[in-house]
Amino acid sequence: MRLARAGRWVTVVGLVLMAGVYLRALAFTPIERSQGPAQKIFYLHMPAAVWAELAMVLVGLAGVFYLFLKDPRLDRFAAASAEAGTVFAAIVLTTGPIWGKPIWGTWWTWDARLTLTLLLFFLYMGYLLLRSATPDPALRARYSAVLGICGLVLVPFIHLSTVMFRTLHPAPIVLKPSQPSLPGSMLITLLFSFGVFTLLYIGFVMQRYGLSLLREELAARERSAAVARGRGGGGGDGGDDA
């Protein structure tokens, strides 16, 4: 419970700092010349997109190690990371159309990166549904690990989609081999926002990991109590038969 409580405070701090991100973005970061004020949503959209992908990478890596080590902590972490990634993917799919409407003239287009990001969101949802539909812990962890690895394989295609396919999305301007193509003030705001999203990811994962641990402890106590009641009932029946 202590871990979940600490995660809650980390998340609160992250949300407060997010207000600082947008104060800086709106008041102290220049307006992009071709896109105008709509570009300001970039400082929410891009860090959320990066963490939606990174969260799935961590889910997949945890799944790989779980299949070899069978450590329940890895499965617990993967589940927590998937829940955080689902939130970030939902933010991406919400802010993307809001940004795209004034720039592209439409809320949605089957652009390669948009479509692959939607597929990532569905993978997250499928991952969480699979976990909720599989009661056996060992089986649930094994199936989830395999699905997480599938998500890990998808992530490079999302990031490289602007290079591999004809797409409305611009080429990467930050995560690329060469120097970022952003003015200094914009880059500082973006890095500030990315740091805040990192804090939010940590807070979400700490909360969900702590709650999962608490849930498992309560389930173990219930099983122990059921076994104890069964033994007590068995002893009573034996006395009656005698």
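**Exercise 1. Find how many salt bridges the whole structure holds, and describe each pair.**

Solution. A search of the whole structure gives three salt bridges, a salt bridge being a side-chain nitrogen of Lys or Arg within 4 Å of a carboxyl oxygen of Asp or Glu. The model is predicted, so that local features need pLDDT of at least 70 and side-chain atom pairs count only at pLDDT 80 or more, while totals for chains, interfaces and linings use all residues. Residues are numbered from 1 along each chain as its sequence is written, and side-chain values use heavy atoms, with hydrogens and water left out.

Step 1. Arg-131 and Asp-75 meet through their side chains at 2.7 Å, N to O. Because Arg-131 belongs to helix 4 and Asp-75 to helix 3, this pair ties together parts that are 56 residues apart in sequence; helices here are DSSP runs of H or I with at least four residues, numbered from the N terminus. Both Arg-131 and Asp-75 are buried, where buried means under 20% relative accessible area, exposed over 50% and partly exposed in between, with a 1.4 Å probe and protein chains only.

Step 2. Glu-83 pairs with Arg-208, their closest N and O atoms being 2.6 Å apart. Since Glu-83 lies in helix 3 and Arg-208 in helix 7, the pair ties together parts that are 125 residues apart in sequence. Glu-83 is partly exposed at 28% relative accessibility, and Arg-208 is partly exposed at 25%.

Step 3. Between Arg-73 and Asp-71 the closest N and O atoms are 2.8 Å apart. Arg-73 is exposed, with a relative accessible area of 52%, whereas Asp-71 counts as buried at 18%.

**Exercise 2. Determine what lines the largest cavity and which helices supply the lining.**

Solution. On a 1 Å grid over the protein atoms alone, a cavity is a set of points where a 1.4 Å probe fits but cannot get out, a pocket is an open set with protein on both sides within 12 Å along at least five of seven lines, and lining residues have an atom within 4 Å of a point.

Step 1. The search finds one cavity of 30 Å³ or more, and the largest cavity has a volume of about 40 Å³.

Step 2. Its lining includes Tyr-66, Asp-75, Tyr-127, Arg-131 and Ser-144, and helix 2 (42-69), helix 3, helix 4 and helix 5 each give at least two residues to this lining.

**Exercise 3. Describe the second largest pocket by its volume and its lining.**

Solution. Step 1. The volume of the second largest pocket is about 570 Å³.

Step 1. Of its 21 lining residues, Asp-75, Arg-131, Pro-137, Arg-140 and Glu-216 lie nearest the centre.

Step 2. Helix 3 (72-104), helix 4 (112-133), helix 5 and helix 7 (184-241) each contribute at least two residues to the lining of this pocket.

**Exercise 4. Locate Leu-160 and state whether it is buried, partly exposed or exposed.**

Solution. Step 1. Leu-160 sits in the loop between helix 5 and helix 6.

Step 1. With 41% relative accessibility, Leu-160 counts as partly exposed.

Conventions
Grid points are joined across faces, edges and corners, and a volume is the space filled by probe spheres set on the points.
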